[in-house]
Amino acid sequence: MTTSFLIAQISDLHIKAGGRLSYRRVDTLAALQRTIDRLNSLQPRPDVVVITGDLVDFGRADEYATLKAALAALDMPYYLIPGNHDDRQALRQAFPELLHLHRDPEFVQWCIDDYPVRLIGLDSTVPGQSHGELCHRRLSWLDERLAEQPDKPTLVMLHHPPFVSGIGHMDVQRLLNSDALAAVIRKHTQVERVLCGHLHRSIQQRFGGSIVCCCPGTAHQVALDLNPDAAACFVMEPPGYLLHCWTPEQAMISHLGMIEAFDGPYPFYDENGLID
Ligand SMILES: [Fe+2]
């Protein structure tokens with residue numbers, strides 16, 4: 001078995017059904033199809049894809065059916081957690097074959113032990129609310145899972161960022177009890193990363209002795225505006241993905257990749273050396 005392991009993270013797909021545009025402006029389904037094309041074409045190819053919530057836009061069955069049809073084009077296994085735009089029951093009904101979605105009777109949270117890196121998905125959603133919270137049962141479950149394998153590198157993922165980003169209209173919707181999560185993470189030094197979405201931007205923070213990485217959206221991004229009274233707006237900045245590369249020598253390295261194709265690549269060198 002190879003010991004290196006590549007995890008692609010995408011987030012906040014916000015899929016709509018029937019060709020409808022998110023906010024009447026964003027073709028999120030086309031954006032997901034471009035994302036899948038990009039991930040399938042990566043060399044080396046990611047071993048797995050994790051999708052950190054807001055899978056669909058309004059938690060509807062027809063949106064999940066659209067999502068499922070699109071994800072069928074992905075060449076590698078994928079693992080899902082819900083965001084505040086999702087509906088646990090509709091998500092589960094759409095994906096009866098994804099066993100990880102059905103392991104807990106109440107929350108869509110799971111632990112995958114099949115790979116060199118352990119993957120733990122947390123359900124930070126509060127039905128009917130935009131913010132996130134982890135109740136005592138979810139936190140205890142995480143603590144117990146992490147105690148099982150203290151020496152195995154582990155990724156923990158949840159939708160809501162456990163930090164204050166400075167983007168005010170999003171910060172009121174963050175994970176409200178982030179201190180409680182940090183206290184659990186701090187006990188378990190094998191946690192290489194805490195992965196999240198929700199902010200539709202690439203953001204990092206030191207968290208509970210680990211590193212939290214927030215992933216861009218596959219379609220629209222939240223405007224980078226750190227004024228406390230900033231309007232709730234999105235921008236069509238380039239969408240991206242995170243590529244978390246684990247090797248025994250380096251542990252975890254996290255890259256930000258772009259989904260769109262850009263001009264290049266061009267060589268630095270020719271037959272005379274570095275091009276002048
Ligand atoms: Fe989102």
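Which side chains meet in a salt bridge at 2.5 Å, N to O? Those of Asp113 and Arg118. A salt bridge here is a side-chain nitrogen of Lys or Arg within 4 Å of a carboxyl oxygen of Asp or Glu.

Before I go on, some notes on the model. This is a predicted model, in which local features need pLDDT of at least 70 and side-chain atom pairs count only at pLDDT 80 or more, while totals for chains, interfaces and linings use all residues. Residues are numbered from 1 along each chain as its sequence is written, and side-chain values use heavy atoms, with hydrogens and water left out.

Back to the salt bridges. The structure holds 11 of them. In the pair I opened with, Arg118 is buried, with a relative accessible area of 0%, and Asp113 is partly exposed at 36%. Buried means under 20% relative accessible area, exposed over 50%, and partly exposed in between, with a 1.4 Å probe and protein chains only.

Another salt bridge joins Lys187 and Asp143 at 2.7 Å, N to O. Lys187 lies in the loop between helix H6 (178-186) and S7, and Asp143 in helix H4, so this pair ties together parts that are 44 residues apart in sequence. Lys187 is exposed, at 54% relative accessibility. Salt bridges that share partners also join Asp113, Arg118, Arg145 and Glu148 into one network. For the element names: helices (H or I, at least four residues) and strands (E, at least two) are DSSP runs, numbered from the N terminus.

Next, the iron ion. Its protein donors are Asp12 (OD), His14 (NE2), Asp54 (OD) and His200 (NE2), 2.1 to 2.3 Å from it. Asp54 and His200 link distant parts of the chain, 146 residues apart. Donors are N, O and S atoms within 2.8 Å of the metal (3.2 Å for Na, K and Ca), and sites may look incomplete because water is not among the atoms. Asp54 is buried at 2% relative accessibility, and His200 is buried at 4%.

Last, strand S12. Of its 8 residues, 240-247, 7 are buried, so the strand is largely enclosed by the rest of the structure. S12 runs antiparallel to strand S1 (residues 5-10), with 5 bridges joining them; two strands pair if DSSP finds at least two bridges between them. Phe5 stands opposite Trp246 in S12. With strand S13 (residues 251-258), S12 pairs in the antiparallel sense over 8 bridges. The two form a hairpin with 3 residues between them, and Tyr241 stands opposite Gly257 in S13.
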